[in-house]
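Me: Could you take a close look at the aromatic rings in this model and tell me how they pair and where they sit? I would like one connected account.

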Amino acid sequence: MTFDRKIKIAPSILSADFANFGQEIRAIEDQGCDWVHVDVMDGHFVPNLTFGPPLLAAIRPHIQTVMDVHLMISPVDAYIDAYAGAGADILTAHLEAGPHIHRTLQAIRAAGCKAGLAINPGTGLDAVPHLLDMIDLVCVMTVNPGFGGQKFIHSQIEKVRSLRAMIGDRPIHIEIDGGMTPETAPLMAEAGADVFVAGSGVFKGGSVQNPNVYGENIRAIRSAAEAAQG
């Protein structure tokens, strides 16, 4: 992966057809997505249960772009090697998921992945300056984690603006996860974000039989964000 601040669209396969992951992934990549976002949930840190390492290993051969893995699990450290071994390019852990986030980020990098730090809507940025040299991405949650299809929380716009100033010229992506549409993505692009996770915002209305809708949704979010990014 090479770093740049161009707008990137990362559809979340949490909103895809679970019975056809391979076809769904090929469809969204053919329609122009930049990354493939995989939401891992444990039924403990968040109130839902999703994908283990074997599932990631099964879909990895279908992903030609970037496998962006969001670990909504606690504890995290014991599972880092398994998810890295399954093919993750980026592993993102939550600031709130354990007492030793610096150690977690070290472990992610030691496993050969880019290291992401996720921050829930109710969490501030006080710890972030101490972690900037350890991370490649900050994922700002604009919904409370655990479910797809939630509404965007507008209070996070100023958090992203503060984060953008804090990052400065460091090669760190700001990713937004939650409620991304052509209406909300430009608000975050203007504030400084460059990666947009969209589940229902990409998959709604389409299918592997009608993938052009995926492309229309991806292009709508991208063009709105690019226009606001300046």
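Reply: F18, F21 and F51 form one aromatic cluster, in a model that is predicted. Rings of Phe, Tyr and Trp (its six-membered ring) pair here if their centres lie within 6.5 Å, with planes under 30 degrees apart counted as stacked, over 60 as edge-to-face and the rest as tilted. By that rule the structure holds four aromatic pairs. One of them joins F18 and F21, whose ring centres are 5.1 Å apart and whose planes meet at 40 degrees, so this pair is tilted. Buried means under 20% relative accessible area, exposed over 50% and partly exposed in between (1.4 Å probe, protein chains only); F18, at 47%, therefore counts as partly exposed, whereas F21, at 7%, counts as buried.

The rings of F203 and Y214 have their centres 5.0 Å apart and their planes at 70 degrees, so that pair is edge-to-face. Because F203 lies in helix α7 (residues 200–203) and Y214 in helix α8 (residues 212–229), the pair ties together parts that are eleven residues apart in sequence; helices here are DSSP runs (H or I, at least four residues), numbered from the N terminus. F203 is buried, with a relative accessible area of 5%, and Y214, at 1%, is buried as well.

Residues are numbered from 1 along each chain as its sequence is written, and side-chain values use heavy atoms, with hydrogens and water left out. As this is a predicted model, local features need pLDDT of at least 70 and side-chain atom pairs count only at pLDDT 80 or more, while totals for chains, interfaces and linings use all residues.

Key: Helices (H or I, at least four residues) and strands (E, at least two) are DSSP runs, numbered from the N terminus.
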